[in-house]
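Biologist: I'd like to learn how to read contacts, cores and helix packing in a model. Could we go through them together?

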Amino acid sequence: MGILSNFFNLDRYTILARVVIILLILPLHEFAHGWVAKKCGDDTAELSGRLSLNPITHMDPFGSILLLLTGFGWAKPVPINPNRMRHPRSGIVLTSLAGPFSNLLAAFVGIILLQVVVPIYYMYNNTLLGGIQLFLQGFSLVNISLALFNLIPIPPLDGSKVLMMLLPYRASMWFMQHQQILSIVLWVLILVGILSIPLSYLATWIWNFFVWATQWIGTLMNMVL
């Protein structure tokens, strides 16, 4: 009931932002994995028809519903075969980081657009512009949250694959052998809410950094207007 209650308390622009992320950004996240894997020599995603931005190709029903309700979710993982990569160790790291990076890039673009919209909104106080502002805020924040969530070094998230490649062989093997147990630990951490505080702190920091890095756009817009 708590999740549903929080969902129904959301404004329609945040809900719209989550729908757009399900239809556009989750496919982009998985496409980024497959595209970088191909650049590293592994064309498994392409051969399986997953090197696509078609949301139907990547959609996971449960992950999509969860994202809509909570802001966290996932798509079907793109198949990757490290044995086909020219340099498997570095290839896995780059491929794993590609998804979260695509989310951060989408968030950055959203904040750039926000820097353009906000001065116009304050000048004309238009309802439509206010809605676009709220949409871009929700869009950027969810993308930052998704990037950070996927970078958690616990299976099956992208960060776990990066960690396994950076650990010494024996530790990496232990990590691989205990993936199911570690995945259960991840779900417990999510349900208990322990992860929300550090993730919120990091998301706020990244948000503030992106705003700082793009504030010259807002300043320029104020000068032009």
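Modeller: Gladly! Let's start with a definition: two residues are in contact when heavy atoms of theirs lie within 4.5 Å. Keep in mind that this is a predicted model.

Biologist: Which residues is Ser183 in contact with, leaving aside its neighbours within four places in sequence?

Modeller: Those are Pro155 and Pro156. Ser183 itself is found in helix α10, residues 179-192.

Biologist: Is Ser183 buried or exposed?

Modeller: Buried means under 20% relative accessible area. Ser183 has 17%, so it counts as buried.

Biologist: Now the core. How many residues does the largest nonpolar core have?

Modeller: The general idea is that in soluble globular proteins, nonpolar side chains tend to be buried together. Here the largest nonpolar core has 46 residues, and Ile21, Phe135, Phe139, Ile144 and Ile152 have the most contacts inside it. Elements giving two or more residues to this core include α2 (12-39), α7 (127-150) and α10. The most come from α2, with 10 residues. As for Ile21, its contacts beyond four places in sequence include Leu67, Phe139 and Leu146.

Biologist: And how do I read the packing of two helices?

Modeller: Two packed helices are described by the angle between their axes and the distance between the axes. For α2 and helix α5 (residues 61-70), the axes come within 9 Å and cross at roughly 150°. Angles over 145 degrees count as roughly antiparallel, so α2 is roughly antiparallel to α5. Their crossing is right-handed.

Biologist: Which residues meet there?

Modeller: Among them are Ile15, Arg18 and Ile21 in α2, and Ser64, Leu67 and Thr70 in α5. By class, this contact of α2 with α5 has eight nonpolar, two polar and one charged residues.

Conventions: Residues numbered from 1 in each chain as written. Predicted model: local features only at pLDDT ≥ 70, side-chain atom pairs only at ≥ 80, totals over all residues. Heavy atoms only, no water. Helix = DSSP H or I, 4+ residues; strand = E, 2+ residues; numbered from the N terminus. Buried < 20%, exposed > 50% of the residue type's maximum accessible area, 1.4 Å probe, protein only. Core = buried A, V, L, I, M, F, W, Y, C linked by side-chain atoms within 4.5 Å. Axes fitted to C-alpha atoms, helices over the stretch in contact; angles between N-to-C directions. Parallel < 35°, antiparallel > 145°, perpendicular 65-115°, else oblique. Left-handed = near helix turned anticlockwise from the far one by under 90°. Nonpolar A, V, L, I, M, F, W, Y, C, P; charged D, E, K, R; others polar.
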